[in-house]
Amino acid sequence: MSAVPGGENATLRVLVDREACVGHGRCYSLAPGVFAPDDEGFVELVDEVVPATDELRRQARLGVQTCPERALGLQEG
Ligand code: SF4
């Protein structure tokens with residue numbers, strides 16, 4: 001079955017603007033299944049493509065929405 005853009009089988013990819021990340025950790029505190037800290041507290045991704053589970057997709061959206069620096073984005077399709 002092919003992925004439908006925006007559908008439940010669509011690939012969800014997290015985009016990170018590393019220049020914008022200031023490392024205060026909201027994303028990985030709220031969504032540890034998707035985001036993680038590097039050695040200095042800046043964001044790293046657990047997986048660039050979010051595994052297609054409802055919980056990890058929920059965490060990805062939550063982390064992106066709660067980044068006050070707008071350092072995170074989602075690409076779906
Ligand atoms: S919430 Fe945003 S600024 Fe803070 S660590 Fe995560 S990506 Fe970086």
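A: Happy to. Of the chain's 77 residues, 31% count as buried, where buried means under 20% relative accessible area, exposed over 50%, and partly exposed in between, using a 1.4 Å probe and protein chains only. This is a predicted model, in which local features need pLDDT of at least 70 and side-chain atom pairs count only at pLDDT 80 or more, while totals for chains, interfaces and linings use all residues. Residues are numbered from 1 along each chain as its sequence is written, and side-chain values use heavy atoms, with hydrogens and water left out.

Of the contacts (heavy atoms within 4.5 Å) with a separation of 6 or more, 59% link residues 24 or more positions apart.

The largest nonpolar core has 16 residues, and Val 34, Phe 35, Val 50 and Leu 72 touch the most other members. Such a core is a set of buried Ala, Val, Leu, Ile, Met, Phe, Trp, Tyr and Cys residues joined through side-chain atoms within 4.5 Å. At least two residues of this core come from each of β1 (12–16), α1 (26–30) and α2, with α2 giving the largest share, three residues.

Apart from neighbours within four places in sequence, Val 34 is in contact with Val 14, Glu 44, Leu 45, Val 46, Asp 47, Val 50, Leu 56, Gln 59 and Ala 60. Gln 59 is part of helix α2 (residues 54–66), and counts as buried because its relative accessibility is 10%. With the same exclusion of neighbours within four places, Gln 59 contacts Ala 31, Pro 32, Gly 33, Val 34 and Phe 35.

Strand β2 (residues 35–37) holds Pro 37, which counts as partly exposed because its relative accessibility is 41%. Beyond residues up to four places away in sequence, Pro 37 touches Tyr 28, Phe 42 and Glu 44. Its C-alpha atom is 7.9 Å from that of Gly 23, 14 residues apart along the chain.

Gly 23 also belongs to the residues around the ligand, including Cys 21, His 24, Cys 67, Glu 69 and Leu 72; these have a heavy atom within 4 Å of the ligand. By class, that shell has six nonpolar, three polar and two charged residues. Here Ala, Val, Leu, Ile, Met, Phe, Trp, Tyr, Cys and Pro count as nonpolar, Asp, Glu, Lys and Arg as charged, and the others, Gly among them, as polar.

For contrast, Arg 70, in the loop between α2 and β5 (72–76), counts as exposed because its relative accessibility is 74%.

Notes:
Helices (H or I, at least four residues) and strands (E, at least two) are DSSP runs, numbered from the N terminus.
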